[in-house]
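Subject: Structure for you to look at

Hello,

Here is the structure I promised to pass on. Please open it and keep it in view while you read my notes.

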Amino acid sequence: MSSLTPREIVAELDKFIIGQAGAKRMVAIAMRNRWRRQQIDPELRDEIAPKNIIMMGPTGVGKTEIARRLARLAGCPFFKVEATKFTEVGYVGRDVESMIRDLMEIGVSLVKQEERDRVRGSAERAAEERLLDLLLPSAGRMPVAEGPGFVMSNASAPSPEPSPRDAGTRDKLRDLWRAGKLDDREVEIEVSSQGGPGVGIMAMPGMEDMGIQMQDMLSRVFPPRRKNRRVKVPEAYELLVQEESEKLIDMDNVTDIARERVEQSGILFLDELDKIAGKTDASGPDVSREGVQRDLLPIVEGCVVNTKYGMVKTDHILFIAAGAFHYAKPTDLIPELQGRFPLRVELSALNKDDFYRILTEPRNALTIQYKALLETEGVGIDYTREALEEIAAQAERINEETENIGARRLYTIMEKILADLSFDAPERGGDKVMVDRDYVMGQLADVIEDRDLSRYIL
Ligand SMILES: Nc1ncnc2c1ncn2[C@@H]1O[C@H](COP(=O)(O)OP(=O)(O)OP(=O)(O)O)[C@@H](O)[C@H]1O
Ligand SMILES: [Mg+2]
């Protein structure tokens, strides 16, 4: 678990998200509290429940982004789900427990990836040997030269005792392979074909989990089919590395670590919480918002959910809920649920100064993204300060005049400004383009003149 201090966490978040200091501080404290909890002796530790958070704020101001970055920098299993996806048990739709199963799925793949990285070295060594087995004619069989791309089939049984001459050949071959001289050669390799039986079951809504179990069962009854494929040497090597690392990874161990990780440091991001708040309409398409809230209670409070990796306890999973809360207020949630989200923080709407900083400061800023994209075509692009100020100001104005979609407005504007250049870029290799204020005004001329038009275009 990450031992970053709240200050360090905020500093990390600052690299990607502008402003929203209150929300950043709150999630940083929540993170740190988990670390603190781990230091306490077990008896008291189990008593300390996470303080769940509600982030309130208009669309596109960084709610999801904060939670996502937080999870990434702490290496926590993180899953985002829209509260509106769920329906009350008994109706068609997803049941709320599925989010724990999804989180567990994420935890498992997270840990599995870590394990893969850990065993990569050994897997590579083993894969290299198997690759040489494929490349080397097995003992007793004479090499058949078939021109440059000659093919040897898989020597399934390792050759008994390599003679010194064989060993010499093997080493030579190894040198050739390492020097990349065999990259154009093909070998035949046995791979397991994907998509066994039972795939169709997945498609039934609400039955995913049953589908998974069925598939699991079926895959035991029908082992994955193996078939021979002829591939280039580097691809064969990658396939062999994968196969060897699967052998080295103990899945039971992975599952145990993942379950521990999910239970102790998992974060569930529950988006659109406001959409399930409020009084239920007697009629209408939404079945019962209150019903969904009631279904959520035990999970947020702490219960045990059955997943295909075993039982997962939800007591210490951190829930971060988010929503605009324009119409509904947190007090419109059923009281029991309100009580389970004791921390509230409001995110502020963004103004043109924020937009300017969003365009320039984050290390993944849009301006940097477009620059990198166009560079692939050999087109250099730079922006003047005035141009970016103009973009920020236009974003603010259009947000005010039409719908306030927050920082996402910058996406639509940037896309419009650079659309022509994007289209022509392949024919403009070598060009250097300076995006200045005139360029911006030129590209936005139609929407600036005809304000109504911006409703449709931006
Ligand atoms: N304060 C900010 N700093 C930097 N980028 C931001 C900020 N706010 C939003 N963005 C960018 O805008 C996009 C949308 O933000 P995000 O997904 O966090 O919105 P949201 O608040 O979750 O909105 P919604 O209520 O619609 O889900 C993201 O790509 C994010 O990078
Ligand atoms: Mg969001």
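The expected span of a helix is 1.5 Å times one less than its number of residues. Helices (H or I, at least four residues) and strands (E, at least two) are DSSP runs, numbered from the N terminus. This is a predicted model, in which local features need pLDDT of at least 70 and side-chain atom pairs count only at pLDDT 80 or more, while totals for chains, interfaces and linings use all residues. Residues are numbered from 1 along each chain as its sequence is written, and chains are lettered from A and ligands numbered from 1 in the order in which they are written.

**The chain as a whole**

The chain has 17 helices and 11 strands. It holds 458 residues, and 28% of them are buried. A residue is buried if 20 or more other C-beta atoms lie within 10 Å of its own, exposed if 12 or fewer, and partly exposed in between, with C-beta atoms placed from the backbone. Two residues are in contact if their C-beta atoms, placed from the backbone, lie within 7 Å. Take the contacts with a separation of 6 or more: 80% of them join residues 24 or more positions apart.

Start with α14. It has 17 residues. From first C-alpha to last it reaches 24 Å, close to the expected 24 Å. Its buried residues are Ala387, Leu388, Glu390, Ile391, Ala392, Gln394, Ala395, Glu396, Ile398 and Asn399. Among the elements that cover them are α12, β10 (380-383), α15 and α16 (437-449).

Now pick out Gln394 in helix α14. It counts as buried because it has 24 C-beta neighbours inside 10 Å. Leaving aside residues up to four places away in sequence, Gln394 touches Ile413 and Leu444.

Phe355 leads us to helix α12 (residues 352-360), where the buried residues are Asp354, Phe355, Tyr356, Ile358 and Leu359. They pack against α13 (366-375), α14 (385-401) and α15 (408-424).

Gly430 sits in the loop between α15 and β11 (432-435). Gly378 is 52 residues from Gly430 in sequence, yet their C-alpha atoms are 5.3 Å apart in space.

**Helix α8**

Helix α8 (residues 233-248) has 16 residues. It spans 22 Å from first C-alpha to last, close to the 22 Å expected. Which of its residues are buried? They are Val233, Ala236, Tyr237, Leu240, Val241, Glu244 and Ser245. Seen down the axis of α8, these fall within an arc of 165°, so they line one face of the helix. The arc is that of the directions from the helix axis to the C-beta atoms. The cover over the buried residues includes α5 (98-135), β3 (186-192) and β4 (226-232).

Arg125 lies in helix α5. It is exposed, because it has 11 other C-beta atoms within 10 Å. Arg125 and Glu244 are 119 residues apart in sequence, and 9.2 Å apart from C-alpha to C-alpha.

**Ligand 1**

There are 18 residues around ligand 1. A residue is near a molecule or strand if its C-beta atom, placed from the backbone, lies within 6 Å of it. Thr59, Gly62, Lys63, Thr64 and Glu65 come nearest. Helix α4 (residues 63-74) gives the most to the shell, with three residues. The shell has seven nonpolar, seven polar and four charged residues. Ala, Val, Leu, Ile, Met, Phe, Trp, Tyr, Cys and Pro count as nonpolar, Asp, Glu, Lys and Arg as charged, and the others, Gly among them, as polar.

Where does ligand 1 lie? Domain 1 (6-107 + 255-346) and domain 3 (352-444) both give residues to its shell, so ligand 1 lies between them. The domain bounds come from an automatic or database domain assignment.

**Two backbone angles**

Most residues other than glycine have a negative phi. Gln20 is not a glycine, but its phi is positive, at about 55°. It is found in the loop between α1 (6-14) and α2 (21-39). Gln20 counts as buried, because it has 25 C-beta neighbours inside 10 Å.

Glu272 also has a positive phi, near 60°. It lies in the loop between β5 (267-271) and α10 (289-301). With 16 C-beta neighbours inside 10 Å, Glu272 counts as partly exposed.

Best wishes
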